Amino acid sequence: MKKSLVVFALAILLMPLTAMAQSDIFEKYSGSDNVTYASIKPKMFQMLAKINIETDNKESQEYMDMVKSITSFKTLATGDKVVAGDIAKWVKSRSSSLEELMEIKDDGVVVKFYVKEGKNEDFVAELLMFVNGLDAVTKDLDVSVNGKKRGMESVLVSFTGDIDLNQLSKLINAFDLPGGKELDKKNNK
C-alpha cells in the first residue's frame with residue numbers, strides 16, 4: 001500500500017513535466033509524417049551574424065541586419081485536419097500571452113499575426129503567424145513534398161529574436177508568406 005502511494009505521488013509530481021513536453025507544438029509534430037516541419041537553429045543565425053557583407057545598397061544592409069537579429073525560425077505545414085485542429089488549439093492557448101497584430105480573412109483562409117513586444121514598441125521578441133483554411137484555395141493544386149502529394153490546411157510560422165517590426169514585412173515577403181503586403185501597408189500608415 002505504501003509503495004502504491006509513493007508511485008501515485010511521483011506520477012502526480014511528473015504530470016506537469018509531461019504536459020510541458022507536449023506544450024511545444026513544433027516538437028510534438030516535428031517527426032510526424034502528416035506534417036512538413038522546418039527549423040533553423042540559433043547556431044545558423046549566429047553564423048549569419050558573422051558574415052560581413054559590404055554593400056552600398058541600404059535596403060540590402062537593413063535586410064541583413066534584420067536576418068542577423070533572428071534567433072529561431074520554425075514552421076509547420078499540414079493538410080491533416082486533426083493536426084490542423086491541434087495546431088489551432090495551441091495557437092489559441094498561446095494567443096493570451098501575445099498581442100494580435102493583424103487578422104486577414106479572404107475566401108475561407110484566415111491569417112493571424114501575433115507578436116510579443118521586444119525591447120521597445122518597434123521591436124518584437126516573437127512573431128507567430130498562423131494560416132488556416134488553406135484547403136479551400138489549394139485543393140486543386142498539385143502540391144508535392146518529397147515526392148508525396150500533400151494537401152495544405154494550416155501553416156504555422158514562428159520567429160524569435162530582436163526583430164525590427166518596421167522591417168518585418170520585408171522578411172515575410174522574402175519568404176513569400178501571406179500577409180507581407182498587408183503588413184507593409186499597416187506599417188506605412
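Modeller: In this predicted model, Phe73 has its bridge partner in strand β8, namely Phe159. One of the pairs involves Asn132, whose bridge partner in β8 is Ser154.

Strand β8 itself covers residues 154-164, and it is largely enclosed by the rest of the structure, because eight of its 11 residues are buried, that is, under 20% relative accessible area. Nonpolar side chains tend to be buried together in soluble globular proteins. In the largest nonpolar core, which has 23 residues, the members that touch the most others are Val111, Phe113, Val131, Val155 and Phe159. At least two residues of this core come from each of β2, β3 (99-106), β4 (109-117), β5 and β8. Another core, of 14 residues, lies apart from it and includes Ile25, Tyr29, Val83 and Leu156.

As for the whole, the protein has eight helices and eight strands. Of its 189 residues, 33% are buried. Among contacts with a separation of 6 or more, 63% are between residues 24 or more positions apart. The protein exposes about 11,800 Å², of which carbon and sulfur atoms supply 55%.

How values were computed:
Residues are numbered from 1 along each chain as its sequence is written. This is a predicted model: local features need pLDDT of at least 70, side-chain atom pairs count only at pLDDT 80 or more; totals for chains, interfaces and linings use all residues. Side-chain values use heavy atoms; hydrogens and water are left out. Buried means under 20% relative accessible area, exposed over 50%, partly exposed in between (1.4 Å probe, protein chains only). Helices (H or I, at least four residues) and strands (E, at least two) are DSSP runs, numbered from the N terminus. Two strands pair if DSSP finds at least two bridges between them. A nonpolar core is a set of buried Ala, Val, Leu, Ile, Met, Phe, Trp, Tyr and Cys residues joined through side-chain atoms within 4.5 Å. Contact means heavy atoms within 4.5 Å. Accessible areas come from the Shrake-Rupley method with a 1.4 Å probe; for residues, only the protein chains shown count as cover.
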